[in-house]
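Please look through the structure below alongside these notes.

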Amino acid sequence: MNAPGPALPPDEVFDWLDAEAATRSDSGLTHRPRQRGATPVPGEIDLAGDDYLGLARDKRVAGATAAAALKWGAGAAGTRLLGGALELHAELEHELARFVGAQAAAVFPSAYTANLAAVTALSGTESAIVSDKYVQPSLVDGCRLARGDVAAVAHLDTDAVAHALSTRRKPRALAVTESVFAVDGDAADLGTLVETCRSHGAALLVDDAHGFGVLGDGGRGAVYDAGLSSAPDVVTTLSLGGALGVQGGAVLGPRRAIRQIVDVARAYGYDAAPAPGNASAALAALAALREEPELPGTAVDGAMSLAQGLRAAGLRTSLPAAAIVSLPAPGAAAAASWADACAEHGVHVGRVCPPVAPDGVTRLRLTARTGLSESDVDTAVKVVSETAPRS
């Protein structure tokens, strides 16, 4: 057992934070969030966020936020189980489930808590969890909190999933993946993956945050596109902050899986319910998606144009499965300088660093959206390629 540390005066207790901050700074791993203004700056191109369909600023969506706040109040004033449940929540859950053809849904104040709730409630100490090693941090944290046996297997390797499931020591099993991976924008083969799970008596949990609203008929998502929205052994999580442009998350799937989440998930029962404005805005965004089913395709087309242009300019990038384009950088510091140089020329891009980048490679992350013109694509390709680090 280690001896206790030396007694420190109050003003030195957090000195270790300064040392860690200096280490991150030396490694190029510090973050400086860009403060976005209330209105877009003319001439600037924003490829940094996940507002794939441009609905965050849509007047129908913003108007629904304001109207709900005036009617219901600024917040839900409690958790769903302790006074915070509103008719708006139930309506949103019904409409989301109906849109994709799932039996039921549960909504959350964030996609992060939706993932925590789904993983922890649908596994546990008697479960083996087999996760793609590239899944996003909220799923990783859910796996850790679940207290089951966790195997993180090679990225997009269904043979590795099959091996982990066949050699597990627990009676139950849950496989965890993203449909479209948030870092590189590549996609899981959901059809093969679900067959692998069924061969070994496992359930499948799919985070469709970057497929919903972008892929599938009318933006119903990658899980819908694979014919799995109503499957009895598949559960889907969503971000409402991507294609719908609002704040929140959701879990969709078999009614008994959603019942389990409502009854036992701490992330459901002990967090404030989604604000009325968020729920109403999500309903409005979903209605807009129904009214304009052509929107998702334009985001995918824009991403493909970006990727092809960047490839033609000599940069290394994979072809996107949805609306995310990823560009590896020589290092974290080089990526930070690259992103800053792009911003100076009016093109805003994202930067993904370890540990979010699971292979340790820092990337620039570009997201296409509805309304991205050919001129915007040409300008973005020119700026990104001309400011790229020279090795």
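1. Asp 359 counts as partly exposed because its relative accessibility is 35%; the terms used here are buried for under 20% relative accessible area, exposed for over 50%, and partly exposed in between (1.4 Å probe, protein chains only). Its salt-bridge partner is Arg 363, with the closest N and O atoms 2.8 Å apart. A salt bridge here is a side-chain nitrogen of Lys or Arg within 4 Å of a carboxyl oxygen of Asp or Glu. Arg 363 has a relative accessible area of 5%, so Arg 363 is buried.

2. The model is predicted, so local features need pLDDT of at least 70 and side-chain atom pairs count only at pLDDT 80 or more, while totals for chains, interfaces and linings use all residues. Residues are numbered from 1 along each chain as its sequence is written, and side-chain values use heavy atoms, with hydrogens and water left out.

3. How many salt bridges does a search of the whole structure find? The search finds 15. One of them joins Arg 365 to Asp 50, where the closest N and O atoms are 3.0 Å apart. This pair links distant parts of the chain, 315 residues apart: Arg 365 is in strand β11 (residues 363–367), and Asp 50 is in the loop between β1 (45–47) and α2 (59–72). Helices (H or I, at least four residues) and strands (E, at least two) are DSSP runs, numbered from the N terminus. Arg 365 is buried because its relative accessibility is 10%, whereas Asp 50, at 24%, is partly exposed.

4. Arg 144 and Asp 141 form a salt bridge at 3.7 Å, N to O. Both residues are in helix α5, three residues apart, which is about one turn of the helix. Is Arg 144 buried or exposed? Arg 144 is exposed, because its relative accessible area is 64%. Asp 141 has 23% relative accessibility and so counts as partly exposed. Elsewhere, a network of salt bridges links Asp 58, Arg 60, Glu 291 and Glu 292.

5. Two packed helices are described by the angle between their axes and the distance between the axes. For helix α4 (residues 111–121) and helix α5 (residues 137–146), the axes come within 8 Å and cross at roughly 35 degrees. Axes are lines fitted to C-alpha atoms, for helices over the stretch in contact, and angles run from 0 to 180 degrees between N-to-C directions. The α4 and α5 crossing is right-handed; a crossing is left-handed if the near helix is turned anticlockwise from the far one by less than a right angle, and right-handed if clockwise.

6. Helix α12 (residues 295–312) and helix α14 (residues 374–386) have axes that come within 9 Å and cross at roughly 40 degrees. This crossing of α12 and α14 is right-handed. On the α12 side, the residues that meet α14 are Gly 302, Ser 305, Leu 306, Gly 309 and Leu 310. Their partners in α14 are Val 377, Ala 380, Val 381 and Val 384. Contact means heavy atoms within 4.5 Å.

7. Where is Ser 110 placed? Ser 110 is in the loop between β2 (104–108) and α4. With a relative accessible area of 23%, Ser 110 is partly exposed. Apart from neighbours within four places in sequence, Ser 110 is in contact with Gly 248 and Gly 249. The C-alpha atoms of Ser 110 and Ala 250 are separated by 8.0 Å, although these residues are 140 residues apart along the chain.

8. Some backbone details can be checked next. Pro 354 and Pro 355 are joined by a cis peptide bond, with omega about 5 degrees. Pro 355 is in the loop between β10 (347–352) and β11. Ala 77 is not a glycine, yet has a positive phi of about 65 degrees. Ala 77 is in the loop between α2 and α3 (87–100), and counts as exposed because its relative accessibility is 74%. Leu 156, also not a glycine, has a positive phi near 60 degrees. Leu 156 is in the loop between β4 (149–153) and α6 (158–166), and at 36% relative accessibility counts as partly exposed.
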